[in-house]
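Please keep the sequence and the structure in view while reading.

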Amino acid sequence: MIDLYYWPTPNGWKISIMLEECGLPYRCIPVNIGQGDQFKPEFLAISPNNRMPAIVDPDPPGGGAPVALFESGAILAYLAEKTGRFWPTDLRGRYQVMQWLMWQMGGLGPMSGQNGHFRNYAPEKVPYAIDRYGREVNRLYGVLDGQLGRTQAFVAGAEYSIADMAILPWMRLHEAYEISLAEFPHVQRWMDTLMARPAVQRGLALLKDQRRTMTDEQRKVLFGQTAESVRASALAQQ
């Protein structure tokens, strides 16, 4: 049984969706990022970047010692390889999926995160930052809408893949970014298709009741991290 270190955020949802889609047995270990669970030594031993999600698989392909992984994109690729699902075996198809997975990891996720931060969490409203990240996220929605207009199915082509699972959790927060999907009809159609999947619904429901508005103290834990503060928090947990 895979141990899933998780909290209900877009990056966490990627992995809960994939595990549900694959039907892999897993145990959810909550990592309450507002209370500082990510600084516990036992978690840092698995995820030295003090970020969830992370997994430990005691039964990796080929046997041997358990595999511990952090970074959601790497976890998706690992689970796809383990199960032989949601990742094409041919070279072109595989890298079509890979490039859109990297697009999410390097662009959509970070830009959406910054957009959401400056709109909803920053103690002071900075018009330049809100405009800068808002425009970039809008551009990325346009990129995806154009791609889906060409494929007419899923992000990387005719088959559902880990690229779709990586992108959906960020796109479904469009209202928090003040983006209307009326401008992006292909994204709307794609989201409706994915949100109708029972495994997607189950993945998004995991610890749903724990996703609450953050307190000021929780914001300090999340947004006030430096190398020194991380070390101090880890020592305090010992």
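Which strands does H1 lie across? In this predicted model, helix H1 lies across S1, S2 and strand S3 (54-57), and the helix runs at about 155 degrees to S1.

## The sheet and its helices

The strands named above belong to an open sheet of four strands, which has mixed pairing and the order S2-S1-S3-S4. Its edge strands, each pairing on one side only, are strand S2 (26-30) and strand S4 (67-70), and neighbouring strands are turned against each other by 15 degrees on average, with direction ignored.

S1 and S2 run parallel and are joined by five bridges; in one of these pairings, Tyr6 has Pro30 in S2 as its bridge partner. Helix H3 also packs on the sheet, where it touches S1, S3 and S4, and its direction makes about 140 degrees with that of S4.

## The nonpolar cores

The largest nonpolar core holds 62 residues, of which Leu79 and Trp190 touch the most other members. Several elements supply at least two residues each, including strand S1 (2-6), helix H1 (10-22), helix H3 (72-83) and helix H7 (185-195). Because domain 1 (2-85 + 202-236) and domain 2 (91-197) both give residues to this core, it lies between them. Another core, of nine residues, lies apart from it and has Trp7, Ile33, Ala54 and Val56 among its members.

## Around Trp190

When neighbours within four places in sequence are left aside, Trp190 is in contact with Leu144, Leu148, Ala153, Phe154 and Val155, and also with Asp164, Ile167, Leu168 and Met171.

Technical notes
Residues numbered from 1 in each chain as written. Predicted model: local features only at pLDDT ≥ 70, side-chain atom pairs only at ≥ 80, totals over all residues. Heavy atoms only, no water. Core = buried A, V, L, I, M, F, W, Y, C linked by side-chain atoms within 4.5 Å. Buried < 20%, exposed > 50% of the residue type's maximum accessible area, 1.4 Å probe, protein only. Domains from an automatic or database assignment. Contact = heavy atoms within 4.5 Å. Pairing = 2+ DSSP bridges. Axes fitted to C-alpha atoms, helices over the stretch in contact; angles between N-to-C directions.
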